[in-house]
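Please take a moment to look over the model with its sequence beside it, and then follow the paragraphs below through it part by part.

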Amino acid sequence: MQRVGVFVCWCGSNIAGTVDVEAVSEALKNEPGVVFSTNYQYMCSQAGQDMIKEAVKEHNLTGIVVCSCSPRMHEATFRKTAAAAGLNPYMVEIANIREQCSWVHKDILTGTEKAIILGKAAIAKVNLNAPLTPGESPVTKRALVIGGGIAGIQTALDIADAGFPVDIVEKKPTIGGKMAQLDKTFPTLDCAACILTPKMVDVAQNDKIRIFSYSEVTDVQGFVGNFEVTIKKNARFVKEDICTGCGACVEKCPMKKNPNEFNLGMDNRPAIYIPFAQAVPKVATIDPNACTMLKKGKCGLCSKVCTAGAIDYTQKDEYLQEKYGAIVVATGFNPISMDKFDEFAYSQSKDVITSLEFERLTNAAGPSAGKLIRPSDGKHPHTIVFVQCVGSRCDACAQKGKEYCSKICCMYTAKHAMLTRDKYPDTEVYVFYIDVRTPGKNFDEFYRRAVEEYGVKYIKGMVGKVTPEGDKLKVQASDLIANKQLHIDADLVVLAAAIEPDKSARPLATMLTASMDTNDFFTEAHPKLKPVESPTAGVFLSGACQGPKDIPETVSQAGAAASKVIGLLCKDKLTGNPCVANSNELMCNGCSACANVCPYGAISYEDKEFRMPDRTTKVRRVASVNPAVCQGCGACTVTCPSGAMDLKGFANLQIMAEVDAICK
Amino acid sequence: MNNRYLQKEILRISGADVSKCMRCGKCSGTCPAYDEMEYHPHQFANMVESGDIEPLLNSQSLYKCLSCFACIDRCPRGVEPAKIVEAVRLLATRKQGANHMTANDVPAIVDEDTPQQLLVSAFRKYTK
Amino acid sequence: MKVSYFPGCTLKNKAKDLDIYAYKSADVLGVTLEEIENWQCCGGVFTTANDEVATKLSSVRALKYASDKNQPLVSVCSACHNVLKQTNYAMQTNTQFADKVNRYMAEDGAYNGETEVYHYLEMLRDLVTFDTLKEKVVNVLKGKKIAAYYGCLLLRPNTVMKMDDPENPTIMEDFIRALGADAVVYAKRNECCGGYISAQSPETAKKNSQAIIENAKAAGAEMIITACPLCKYNLVKSGADIPVVYFTELLAEALGVKEDTNE
Amino acid sequence: MQVNEYKPLIVAFCCNWCSYAGADLAGNNRLNYPADVKIIRVPCSCRVNPMFVLRAFQRGADGVIICGCHPGDCHYTSGNYYTRRRMAALFSMLDYLGIEKERTRVEWVSAAEGAKFAATMNDFVETVTALGENKRLEDLRCKK
């Protein structure tokens, strides 16, 4: 039994006005465990706190109940008071007799009566309180960034800037991501390469940053501050540290006809390749599915021309074990497949392309060296139709496409249309739109400029069917404002394909026990207040893996994620919330129900030896909670069929005691 | 202008959910009978949503729809405009003497190759 | 393999070819078509109205017949197939509708959508398989450039028909290739020919059909195949200058059983 | 006011992040609701074990209400969804046992909805008062 002291606060007249504080402290005197009870004008004042400290000493108190304002207001204050008096801070309970009593009831009789009951409940609870100590764990001062697009690059640079080492894991042979493929960027039209490639160089030259390109994360163990990550370095058959990126091998490789991923298959690359001139790391990679040396053991030309001797046909995939304190997910996005939208004839005509393909077609480093041509015959297109919202904003029952707005398409289409009209004024440009969504700084002005200064024809309506016939694309569409069906003979049709999270995101989320929504976007810990944290402690989100984003937004989120990581890595030790779940191993039957409901992946299972009554030992599988990861929601405690799981600070018996005290 | 009763009937018969429409106009962009119609597929959805039914009931557009279901398949929102047209047409033809085709019309239609299917289908669509 | 077979009105009259060649070819492929006794007309088109019950009963009876024999139900005509499949889907998913229908089914017994409905083409793809078909071909139609015309009814609404990708179907192209011919792919192969509109506005049907033929020809087609008598009628009526034939006729030709039908 | 007016006993479980804060806000705005409502603070509505609800009824509570964050707003991401499911199952069982559905309730009250909290409590107390005393589950051994 505890030795409980009860302190009833008047809060001036805030409480004393409708609650007879004297009667309350008197009534609570005789409750089980109570050895001291008093009341005072302002319990939270220095004098009030001193009074508590003295009482602790004088009456040898082991528990404190303060009947005062909401615990959301002063629980922390009184916990500190208790700690100063030498008590465990978690031996304090608050009875909320202000916000939930004196302020909402007018009658002093009912107010007093209720205050007494609330006090009794708090006493009943504190009698079952146990001292709690927050767990501590060390922090590995290194961060991992998964994904090397603009989101990952910015996050890594910001973290490194604060002095912490960072590793970037990128599955492609080079960092740069989607932004490296873009031509110009809205709304200022600066060239993507001009602003991105210097950042890539910064990454390469920063001695705090290591780049694992052509690599992927295959396993994640541990928890916030202490992640253990397995990184698979795919064999690129070129020694990264020796290759100078001179490109002699690329030139000499006889296997030239392989679809070039960087140009979305619109031209070819050799079996040994460097994705683009400013690639980082600027190292060649051999495509094992295309190389005759690797497939048949014949050729070896690249090895002969490599003066550095970097080619290594025997290279194997390599697995690295690394430790990190924080992980940032920046896996980005991809345009969706156009398979289910063949009313636009994407599979039937080379001249129906996606916006990202258009981006490559207009890029000076692209397959046509920046000349806008029809992919089918290399001729200049005179009529171009842009179709918005292809696969975005679809209802679930349509069974194709995505339900969300992809956010970036309105702006990049305005950009494409504007640039086309700027470079080729003889080209007719139509944009079919449902809504033009331009919420962003200088965005709507940009779109209006496309219409007003560049004469882009925006038509509210949608394309229903594209029919390739001869060398034309017959576009049938509706114009809702004119209430007409339009038939346009186009040379090029550009589809603003919806974007979706990268396919690698879902298996990664499973490894990280980070949650995802039904669209495979990572879920943030709080949609408004914790937009860059995942619900799993120590895992942060950057860029389009969390939802569709343009570059400025991605960069700001990348910076925010970095600052959260820095905040974490600055700490030498992490102090947890002591009100966490814990499992009674003797009662646990290892059913996994708790782990299934835990939103944080805090529960794991281990095989433990137990001594049986007959003195034999038996190995059983039991749950164990990682206190550094548990956030203390209590979902597991209710799910547990055997009652083994309980929550410290809000234990079954404690809440039950409160119920009993109230219902007495 | 705002006929709640007819609106309810149409929604009941068609089972379509017009509130899902986001006014993209893909149904009308896709419709092969668009030029023959006074009211177009997207207008059917929108006018039913606002309860503006009478003009539709009295329009020849009802008999121009080919029931090709292209609007149903291509609608990104699952609104099913063809089902709405069908429901309005049934409301019109179910009235006495409102059949849009009679047996007297048949001789003019039929030639030696006319498949039975044509007459059966036309009667099913235009009469009640 | 034995299957229940629903021919439909036109197949016994104006589209006898579609029916006869279906039987002949099935024989070669080891499939016995057991015609449903006393089948009634499917109605030509499916009405999407939830409260139309009587018009769908003949289809339900056909489905019930097949389910009693524990056989899949096969049809050749696109329209019949569409009506049967849509009715079957309504019986499976719309309990209110199924309830109403079953009140009329006292004599035949209740039906709840158990039957699997196949189009003849689906039967070739899924039950016979195109590989087997390929082996049975005796007259390889090599070098023939054939365009498949699907129309609407085979493919749409896709949630119900689930035959193929409604915007980029391949079943008929695969069929053509199995017979050794070249399949011509063109965008308008799933656009409507006008259907029953030719009863009232033949010009509309003509306009639509001509656009389809033009598109097929531009893609290099020398012949169009179809599964629907009304599609064929509309395409021919619109002045097609390349042959339009039923797919079963082509099948019979490839399997070498076409000649003996000329009685 | 009658002297012997029947006063129900209501136990309210409120999650720390939304509903408990909502109740505080009701207090800040001096929005009245009957004193019959006694609030127990839990970290999340999903911490409420069906056992607690049964215990309350056993000990003579006339109504039990569980308040949590709005769907999608749970501080712990998904706790309130568990609550919704569990309580739906529990309440229908209680109804079967004779504890009317009106005596049990799950409500979503955000930290900004002080007025909704007060209105909900007023309504709930009124509903339970109309039903009268709950004796169905009462454990007679608990009575002195």
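This is a predicted model: local features need pLDDT of at least 70, side-chain atom pairs count only at pLDDT 80 or more; totals for chains, interfaces and linings use all residues.

Residues are numbered from 1 along each chain as its sequence is written, and chains are lettered from A and ligands numbered from 1 in the order in which they are written.

Chain A also has a cis peptide bond, which joins F186(A) and P187(A) with an omega of about -5°, and P187(A) lies in the loop between β8 (184–185) and β9 (190–191) of chain A. Most residues other than glycine have a negative phi, and most peptide bonds are trans. With this in mind, look at F237(A), which is not a glycine and yet has a positive phi of about 60°. F237(A) belongs to the loop between β12 (226–233) and α8 (248–252) of chain A, and it counts as buried because it has 24 C-beta neighbours inside 10 Å. (A residue is buried if 20 or more other C-beta atoms lie within 10 Å of its own, exposed if 12 or fewer, and partly exposed in between, with C-beta atoms placed from the backbone.) Q399(A), again not a glycine, has a positive phi of about 60° and is found in the loop between β21 (383–390) and α12 (409–423) of chain A, but Q399(A) counts as exposed, because 12 C-beta neighbours lie inside 10 Å.

Staying with chain A, we come to an open sheet of four strands, which run in the order β2-β1-β3-β4 with parallel pairing; two strands pair if DSSP finds at least two bridges between them. The edges are taken by β2 (34–40) and β4 (92–96) of chain A, each of which has a single partner strand, so one side of each is left without a neighbour in the sheet. Neighbouring strands of this sheet are turned by 15° against each other on average, direction ignored, where axes are lines fitted to C-alpha atoms, for helices over the stretch in contact, and angles run from 0 to 180 degrees between N-to-C directions. Strand β1 (residues 4–9) and strand β3 (residues 63–68) of chain A pair in the parallel sense over five bridges, and V8(A) has C67(A) of β3(A) as its bridge partner. Helix α2 (residues 46–59) of chain A packs on the sheet, where it touches β1, β2 and β3 of chain A, and its direction makes about 160° with that of β2(A); two residues are in contact if their C-beta atoms, placed from the backbone, lie within 7 Å. Helix α3 (residues 71–84) of chain A packs on the sheet too, touching β3 and β4 of chain A, with a direction that makes about 150° with that of β4(A).

Returning to chain C, we find eleven helices and eight strands. The radius of gyration of chain C (taken over C-alpha atoms) is 18 Å, close to the 18 Å that the globule rule (2.2 Å times the number of residues to the power 0.38) gives for 263 residues, so chain C is as compact as a globular protein of that length. Of its 263 residues, 57% are buried. The domain assignment of chain C, which is automatic or comes from a database, gives domain 1 (2–120) and domain 2 (136–261). The contact between them takes 22 residues from domain 1 of chain C and 20 residues from domain 2 of chain C, and on the domain 1 side α1(C) gives the most, with eight residues.

In chain D, five of the five residues of strand β4 (residues 104–108) are buried, so this strand is largely enclosed by the rest of the structure. In a regular strand the side chains alternate between the two faces of the sheet. Accordingly, T104(D), V106(D) and W108(D) point one way from β4(D), while R105(D) and E107(D) point the other way.

Technical notes:
Helices (H or I, at least four residues) and strands (E, at least two) are DSSP runs, numbered from the N terminus.
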